[in-house]
Amino acid sequence: MKNLFQLFLALIFVFSLQTASAQTMKVTGTVYDTTGVKPLQNAMIMAVRVKDSLLLGFTRTNSLGAFNLTHFEADTFSLVIAHPNFDDRTYYIFGNKDNYEINIPMAKMTSKTKELQEVIIYANKNPIYYKGDTLVYVADSFKVAEGAVVEDLLKKLPGLKIDKDGKITSQGQEINKVLVDGDEFFGTDPTVATKNLAADGIQTVQIYEKTDNETIGGSDAKIKVLDLKLKDSAKKGYFGRVSGASDLFLTPGAKYIGGTPFYEGELLFNKFDSKQKISVFALGSNTPRSNFGRGDLNKFGLSNESGANGNFWEADNNNNNGGIPQTFKAGIYFSDKFGEKQNTDLLFNYSYYNDRIDSRTSEYSQYFLTDTTYNTEDSTRYVATNESHNLNLKITSQVDSLTLIEFKPSVSFDSGYTDNTEASVFRGETGIQSLSTQIGNINDSKGIKVNNTVRLYRKFMKKRRELEIRYDLVLSKNTTDGSLYSKSDYSLLGIIDTIDQKKINNNSSTSHYATTTYYEPLSKFVKLNINYLFEYGVSNQDKIAYDKLNGEYTEMRQDLSNNFDNTRVQNRVGTELIYEKGKHFISGGAFFRNINIDNNNLTLDTVINQNINNVLPKFKYEYKPSVSKRMSINYRTSSQQPSINDLQPIADNSNPNRIQEGNANLKPNYVHSLDFNFNNWNALSGKYFWSGASMNITDNAFASETNFNKYGQTITKTINVDGNLSANVFAGAGLPILDRVIEFNPSLSGAYNKYKNVISGAENTTENYVLTPGLDIDFEWDSLEISLTSSYSYNNPKSSLSSSSNTPFSTQEYGIGVKWTLPAGFIIKADGNYTKNSQPGAGFYDTEFFILDAEISKKFLKTGNLVVAVIGNDILNQNISASRTVNGNTITDNRTTIISRYFLLKVTYRFNNRKMKEDDFRGMH
């Protein structure tokens, strides 16, 4: 760590000298109106280089009409002073080492002229401006390197941030969708556009909000959109890349999968014009760098497939954040516009997944009861293979200027195989072993899932009158054949118990949703929203278990077998009054809902009927004192139905140490949610501040009722409890200095959670307090980028049943990232991250490790499209996966085997229609 810090200081010193060696211009002055007496506030001051019309810098005058424009190199430039009420005033300045401080004591503006005069156009007079509520950046006003892509451009725009995974935020708020000329660009993954489109093809970057129309049942939720507007010359072409990487068995001490070295491969080809887009892709890997997690479901327009494949591996998923992955994914994406007026859009994609994960986990759990404590040590190996075929279609037709019809079907065929082996040891508070078990589960499943949406949207001649009619069909069917083998050794009794069973699980569900939403304007500023939802859903789960008898699985276990139906009929009607005028937006209303639920035990021929009436109120107030400042308060209520696994009144003994029972008497929960948000941003300085708070209170919350036997084995079922609460506050800022060379990003968040469960008949309340301050610092020069990150998280859980489980713990994380672009096409990247987990008492959460990743690459060919890189992952070989969870009276420390040190030699070839030449292909040989 000390050597890395010294290296960081040396880099800062070198580039500070480099920056200081160039003479910096400083232009000051005062702007007055035509009288020469009244100073002008908010006049735009711009320095435009004469030789290429590049915007060198800009600022605005203060309340006294004064300005100070600096932090750009001395050059010959025109100083343009602009104000909407006056003609522009221009000064030509010849800056050099002897003439770098200019003062204009009185810049007197002239009245706007009405007659046509000679027009002199300076490129990008207003580099940042608002068009209504849309924030617009003029792309050519921001300098990027030759051959830069959109991601490089976005990093230059004030208020925008892009993390290492390509996630974009604007003034602290995440961008939910990236469009190109108002349309999706090869799906909903923003990196497809930002990492491949050329920056010099972008005319403007626009940021705005729009209503999210993807939600069943109607929603007024807003999403944040970044829209890339292309220049006419860039509205057609092709691009792609081919890459391959391997360690060629060169990684010392590596654990190869099936004798195969670490590898990564990628093939991507995209062709597009103003109306048609075609994409073909194939990706494969057995490293974490290009694994396919849930975030990849959105890639290439595959957002319909969420949940189709339930066992994705991803490094940042706390539920399964370890193991050795092996993945392959391929597909095709096609979209086109049809009709005489090109008013019909067709989108089709097909994808194929095949992924495998081999995970080995160790857990140490401490259980605190009212009269005793005990602990368990668990070792688990989980191997899973999943395969999926997915087809999606979307047809949107603008029938006329007022009517739109959308048809969106999708289907997925899935299969999965899992093999889970677990060895456990139970010890009492004296440390003496009372029980040891070995459990093996194998499951082989096949399923199909279908989603269909038909939507009609209609405007009327009366302004703001709107009607939407929508129908959704969600259907799924799955069959699983499984087996369970368990051996339990009760050490103190000298008894060994064995279970050998075959299991069959057939489950299916069909849900129909019909929604009508109507908006009627009552006045210029007030409109009424009326919404109706009808839902009819049926789900079934048929479980059968057989014991092994005389070498065959023929003995049916009645206590573990059951056929269960759940039927749900919902009628929901709601009304909402909306007031929108100037800076204020107010909406308030309520849904009135009746749900009739039949839980039908077909095996026992019994029915439990639930008829529930709810009122679901909502209220929202939004205040926008300016286009760059916003405050909102949002209150809403919601309700969720329990899953069929929680409802079916049968024991699930797939883990005999932790048996799960169903509860057919479960009721839907009821959630109150309150959110507050405030954002403020200064477009010229790039400074921004974001803050917020939220709180959720849940009645009839889903909680666990757990009973322990004398060995520590548990039987758990889901119950309803009242009064669960979660709350959090958060704030952050972006504070650029030195013309945005350095930016500070402080943040602070705090959380409080209270939830209830029942342990051995006694109610337990767990409270957890979390405080997380953080500070990131970014340094950016033309050829060097450095980022420093730091955060500290303190957790303090408290249980009402046992003070022994009240053990605070903390996590510290510090990081440094460097990207250095050198001459001759060399790029050096390095990322170092130090993590320290601290906790008192037993367990293995108390760990610390430093992960160092590095990459050296070299560009070849005149276009720089051929890149050869050497990549080192976890060079110091310290990577581990460790986590701690507190649940009721239980503290669990988890450690998982993951891929640590490896090295790759990677070759990437990019191609596109703008720079590709025949010579480049010959050069590859």
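**A guided look at a predicted chain**

Guide: In this predicted model, residues 24 or more positions apart account for 63% of the contacts in the chain with a separation of 6 or more. The chain holds 5 helices and 49 strands. Of its 925 residues, 45% count as buried.

Visitor: What is the accessible surface of the chain, and what share belongs to carbon and sulfur atoms?

Guide: The accessible surface comes to about 44800 Å², and 54% of that belongs to carbon and sulfur atoms.

Visitor: Why is E264 counted as buried?

Guide: Buried means under 20% relative accessible area. E264 has 6% relative accessibility, so E264 counts as buried. You will find E264 in strand 18, residues 263-272.

Visitor: What makes the pairing of the side chains of E264 and T287 a polar contact?

Guide: A polar contact needs a pair of N or O atoms within 3.5 Å, one able to donate a hydrogen and the other to accept it. The side chains of E264 and T287 make such a contact at 2.7 Å, so the distance meets the cut-off.

Visitor: Why is I332 called partly exposed?

Guide: Partly exposed lies between the buried limit, under 20%, and the exposed limit, over 50%. I332 has a relative accessible area of 34%, so I332 falls in between. This residue sits in strand 20, residues 324-338.

Visitor: Which residues make the nonpolar surface patch?

Guide: Y238, F269, V280, I332, F348, L391 and F413 make a patch of about 520 Å². Patch residues must have over 30% relative accessible area, and I332, at 34%, therefore passes that limit.

Visitor: How do you know that strand 10 and strand 11 pair?

Guide: Two strands pair if at least two bridges are found between them. Strand 10 and strand 11 (residues 168-170) are joined by 3 bridges, so they pair, and they run antiparallel. I162 stands opposite I168 in strand 11.

Visitor: Why are strand 10 and strand 12 at the edges of their sheet?

Guide: The open sheet has 3 strands in the order 10-11-12, with antiparallel pairing. Strand 10 (160-162) and strand 12 (173-174) each have a single partner strand, so one side of each is left without a neighbour in the sheet.

Visitor: What makes strand 45 a partner of strand 44 and of strand 46?

Guide: Strand 44 (residues 826-838) and strand 45 (residues 847-860) share 12 bridges, while strand 45 and strand 46 (residues 866-873) share 7. Each count meets the requirement of at least two, so both are pairs. Both pairs are antiparallel. N837 has T847 in strand 45 as its bridge partner, and S857 stands opposite A869 in strand 46.

Technical notes: Residues are numbered from 1 along each chain as its sequence is written. This is a predicted model: local features need pLDDT of at least 70, side-chain atom pairs count only at pLDDT 80 or more; totals for chains, interfaces and linings use all residues. Side-chain values use heavy atoms; hydrogens and water are left out. Patches are made of residues with over 30% relative accessible area and no salt bridge: like charges are joined within 9 Å, nonpolar side chains (Val, Leu, Ile, Met, Phe, Trp, Tyr) within 5 Å. Accessible areas come from the Shrake-Rupley method with a 1.4 Å probe; for residues, only the protein chains shown count as cover. A salt bridge is a side-chain nitrogen of Lys or Arg within 4 Å of a carboxyl oxygen of Asp or Glu. Helices (H or I, at least four residues) and strands (E, at least two) are DSSP runs, numbered from the N terminus. Buried means under 20% relative accessible area, exposed over 50%, partly exposed in between (1.4 Å probe, protein chains only). Contact means heavy atoms within 4.5 Å.
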